[in-house]
Amino acid sequence: MALHVGNAFCVLAALLLGGVYGGLAGSLGMTVADLLDPAYVTSAPKTFVLKFCIGLIAGFIAHRVAHITESHDGKYVFRWTLIASAVSLGFNVIADPVVGYLYKNFILGIPEPAAKIMTTWAAGVTLLNAVAGTVVVVAVYTALRPILRKTGIFFHISQKKALI
């Protein structure tokens, strides 16, 4: 079992670019990674959908609910970054095993007992990775945001034009 924080970058992209663009960037990147690894090539469609949903959820919370690209103090941004990360990666902790089971059983035709065992193992690993990913997102975004603002390359997401 290896620690994998790829989902953290789906969330980070959504925080920086908005839910649709960030979710698309994260889902495309992780889908391409699956396609390039023979062990994961069959999981690529599931990866695309789930990672896009992670970005949509994180973007919705961060930009539609909390408006984190507006002027707020560090505590406010920290809190909403933590909430957006925890909720979107928490969604993945539930959705990845459920969708994985359905995908393996009904699409790939893996027999039910094997699919259940694989799903149970995946749920624990996904939880560990979600916790690690949340820590990474909060640390990186809270460090990166002031630098981007200071250099003038901070992407301000207008609430009137925001894509989730």
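What share of the contacts in the protein with a separation of 6 or more is accounted for by residues 24 or more positions apart? These residues account for 75% of them, where a contact means heavy atoms within 4.5 Å.

This is a predicted model, in which local features need pLDDT of at least 70 and side-chain atom pairs count only at pLDDT 80 or more, while totals for chains, interfaces and linings use all residues. Residues are numbered from 1 along each chain as its sequence is written, and side-chain values use heavy atoms, with hydrogens and water left out.

**View 1. The whole protein has 5 helices and 0 strands.**
Reading along the sequence gives the pattern α-α-α-α-α. Helices (H or I, at least four residues) and strands (E, at least two) are DSSP runs, numbered from the N terminus. There are 164 residues in the protein, and 43% of them count as buried. Here buried is under 20% relative accessible area, exposed is over 50%, and partly exposed is in between (1.4 Å probe, protein chains only).

Leaving aside residues up to four places away in sequence, V11 touches I54, A58, S85, S88, L89 and V137. In soluble globular proteins, nonpolar side chains tend to be buried together.

**View 2. Helix α3 runs for 22 residues.**
From first C-alpha to last, α3 reaches 30 Å, close to the 32 Å expected at 1.5 Å a residue. That expected span is 1.5 Å times one less than the number of residues. Among the buried residues of α3 are L50, I54, A58 and I61. Their cover includes α1, α2 (19-36) and α4. A58 also has a C-alpha atom 8.6 Å from that of I83, although the two are 25 residues apart along the chain. I83 sits in helix α4 and is partly exposed, at a relative accessible area of 30%.

The angle is about 50°, although H67 is not a glycine. You'll find H67 in the loop between α3 and α4. H67 counts as partly exposed because its relative accessibility is 28%.

**View 3. K46 and D96 meet in a salt bridge.**
The count comes to 1 salt bridge, using the rule of a side-chain nitrogen of Lys or Arg within 4 Å of a carboxyl oxygen of Asp or Glu. The N to O distance is 3.0 Å. K46 is in helix α3 and D96 in helix α4, 50 residues apart, so the pair links distant parts of the chain. Both K46 and D96 are buried. Side chains of opposite charge can pair when their charged atoms come close.

**View 4. A nonpolar patch on the surface includes L102.**
Its members are I94, V98, L102, F106, I107 and L108, with about 620 Å² of accessible area together. Patches are made of residues with over 30% relative accessible area and no salt bridge: like charges are joined within 9 Å, nonpolar side chains (Val, Leu, Ile, Met, Phe, Trp, Tyr) within 5 Å. L102 belongs to helix α4 (residues 74-107) and, at 40% relative accessibility, counts as partly exposed.

How values were computed:
Accessible areas come from the Shrake-Rupley method with a 1.4 Å probe; for residues, only the protein chains shown count as cover.
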